[in-house]
Amino acid sequence: MTTASPTAERVWDIHRLAEELGVATATIYRMRSEGASLPRAFKIGQQLRWRPADVAAWMESQLEEAK
């Protein structure tokens, strides 16, 4: 039997990503279909998943410079 590493991060489903970003899941699906910038995702079967570290890196890349 294998067990997860204690340092392994848990991945997020689309509902958790939507919650963290403060948007509806439909918004994420629409943005993906339009080719908008979103955090890197991967699929497990037909389900999309996101690593929290990838979401954090994407959010950092979206910061605008002060004007």
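Which side chains meet in a salt bridge at 2.8 Å, N to O? I looked this up and found Arg-51 and Asp-54. I took a salt bridge as a side-chain nitrogen of Lys or Arg within 4 Å of a carboxyl oxygen of Asp or Glu.

**Basis of the entries.** I am working with a predicted model, in which local features need pLDDT of at least 70, side-chain atom pairs count only at pLDDT 80 or more, and totals for chains, interfaces and linings use all residues. Residues are numbered from 1 along each chain as its sequence is written, and side-chain values use heavy atoms, with hydrogens and water left out.

**Asp-54.** I located Asp-54 in helix α3, residues 52-61. Helices (H or I, at least four residues) and strands (E, at least two) are DSSP runs, numbered from the N terminus. Asp-54 is buried, at a relative accessible area of 15%. For these classes, buried means under 20% relative accessible area, exposed over 50%, and partly exposed in between (1.4 Å probe, protein chains only).

I then set aside the neighbours of Asp-54 within four places in sequence and found contacts with Pro-39 and Arg-40; contact means heavy atoms within 4.5 Å.

Arg-40 is exposed, with a relative accessible area of 58%. I recorded Arg-40, Arg-51 and Asp-54 as linked in a network of salt bridges.

How many salt bridges does a search of the whole structure find? The search returned four. One of them joins the side chains of Arg-30 and Glu-34, at 3.3 Å, N to O. These two residues are four apart in helix α2 (residues 25-34), so about one helical turn separates them. I noted Arg-30 as partly exposed at 42% relative accessible area, and Glu-34 as exposed at 55%.

**Nonpolar surface.** Finally, I looked up a nonpolar surface patch of about 220 Å², made by Val-11, Phe-42 and Ile-44. Patches are made of residues with over 30% relative accessible area and no salt bridge, with like charges joined within 9 Å and nonpolar side chains (Val, Leu, Ile, Met, Phe, Trp, Tyr) within 5 Å. Val-11 lies in the segment before α1 (14-21) and is partly exposed, with a relative accessible area of 31%.

Note on methods. Accessible areas come from the Shrake-Rupley method with a 1.4 Å probe; for residues, only the protein chains shown count as cover.
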